[in-house]
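Hello,

Here is the structure I promised you. Please open it and read the notes below alongside it.

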Amino acid sequence: MDLINKGVQLIRRSTLTKKQHQRNLSQESDASTQPSICKTPSITSSITSDDGSSYSGGDSNVMTPAHTPSRNSTSSASHIPTSITITPATASSSTTTTPPHSPIPDYLSSSPVNASPLSPLPQTTEQSMDGYFSIPISSTTENSSSTTTVVSHLTTAPRSPNKGVYSPRPIHVTRVSTHAVPRTKAAKDKQRRRQHRKLRLDDFILKRTVGTGSFGRVHLAQSKVNGKHYAIKALDKYDVVRLKQVEHINNEPTILRDVSHPFLVNLWDAFQDDTHLFMVMDYVPGGELFSILRKQKKFSEQAAKFYAAEIVLALSYLHENGIVYRDLKPENILIDARGHVKLTDFGFAKRVENVTWTVCGTPDYLAPEIILSKGYTKTVDWWGLGVLIFEMVVGRAPFLDKNPVNLYQKILECRVDWSEDISPDLKDLLQNLLTCDLEARYGSEQVMKHKWFDDLNFDQVLRRKVKPPYIPKVKDDGDTTCFAKYKEPSHLYGNVRGDPFRSKFPAF
Ligand SMILES: Nc1ncnc2c1ncn2[C@@H]1O[C@H](COP(=O)(O)OP(=O)(O)OP(=O)(O)O)[C@@H](O)[C@H]1O
């Protein structure tokens, strides 16, 4: 009981610290249409014992203020329908017997990895709406074992940078990889990402903001080399340091560089200038699952099953690679042009050998073992999956209370506010995910074999062969209609000033 009080007190302190920053959708212009769910900010804090000492093994030893979001959106995404036709999954009825293991097998030829920002597009290559390009990077060969410098063959043409109009220009691309031919698709993807020089802001035309977070914003950006669109997350170094998030922020590119999976966002590079940190990712044009859920209010079980299955595979891949994600929520699930998911925001993801202690995540989604300040493992992500599925099907989180202390008590007692909307099979699955008994809580294999997923073939899911319930209407790879509008900053990046923080961010 002592431990519970300590945990709840810790959360209370943490929550109050961040309350002033807390924003939710009621601040958006179309607040009248919002359902009962709100965008919930992520929090982080290390566990400090009564005597003030820190538990070893945590991410940081200091009680940190919240990982505070500031979503300054001024209107909601315009293209998301208020009702979507949910088509049952088209996969065969057989259940997967072998859960897909890391690394991603070769048969995933339709790689989710996009064209490199420095890779010119051959004129014969058609730009695909989901960002798939089947071109090799530049004119290098994959099994070359030496470092070569190549020059693309694009013709020079005048650009209109101010209007953001793309015209190709030649660029020198240095091949830095000298590795042997990669054996797997994942390895190939990783190698492709290393095959260009370090990116810089000047390689892109920065366009509108598509999302905001605690320390900065995510821009749509267009490569000056190939005209393709990317997402650039820009974070203010000063804020990151002030809010003691240096380690988390370094974790994000470090982990993203190491992963490659159809349902994870792809990172091309991370770099910094004097004032900001930048991450260049594939742009995922369908917007947040959160926005779709908000407009829909809730999903049919069949639709929820589709999203859940893709997330199950993403989490399983991360766990097999020793990574715990720790911030599962609809805000962090993006929808690509074909309607498949891309998990983004790896700010809380961490390589975990055994257990970790940091209190981080989003209040509604916090697992009991995190609140209890117990060491925890990847089991927290399976708890998060339970909360996510519940929220998709019911339209609200399973544990709700305006008072954070009561909310955490409910979580600790696993007092789920069940709904009639849930089928017996799903209830059984959720009871095995939303359980405080860590030994009993389902993991990857048990989830995939559960009867709720009986009509879904996970091999088909992994191959992106199951038909998504909702396909966003995007007209080109830089379409932003699925994203809310945000107030743009008056001045952008590139200020040159003394930079005392550069060495704190080796991952950039
Ligand atoms: N690759 C992407 N393509 C399109 N939009 C993106 C992409 N990455 C992020 N976004 C948008 O930007 C928003 C903020 O991104 P992200 O969550 O990574 O930032 P953050 O600073 O870590 O946020 P928070 O502080 O809430 O954790 C996302 O919710 C999403 O709407």
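**The ligand and its surroundings**

An oxygen atom of the ligand sits 3.3 Å from a backbone N or O atom of Glu-331. That is a polar contact, a pair of N or O atoms within 3.5 Å; within protein, one must be able to donate a hydrogen and the other to accept it, and residues adjacent in sequence count only if both atoms are side-chain atoms. The protein buries 98% of the 620 Å² that the ligand exposes when taken alone (Shrake-Rupley method, 1.4 Å probe).

This is a predicted model: local features need pLDDT of at least 70, side-chain atom pairs count only at pLDDT 80 or more, and totals for chains, interfaces and linings use all residues. Residues are numbered from 1 along each chain as its sequence is written, and side-chain values use heavy atoms, with hydrogens and water left out.

A nitrogen atom of the ligand lies 2.9 Å from a backbone N or O atom of Asp-282. The side chain of Glu-288 has an N or O atom 2.5 Å from an oxygen atom of the ligand.

In total, 23 residues surround the ligand (a heavy atom within 4 Å of it).

**The disulfide**

Cys-414 and Cys-436 form a disulfide, with their sulfur atoms 2.4 Å apart (the cut-off is within 2.5 Å). The torsion about their S-S bond is about 115 degrees, so the disulfide is right-handed. Cys-436 is partly exposed, at 29% relative accessibility. Cys-482 is buried, at 1% (buried is under 20%, exposed over 50%, partly exposed in between; 1.4 Å probe, protein chains only).

Best wishes
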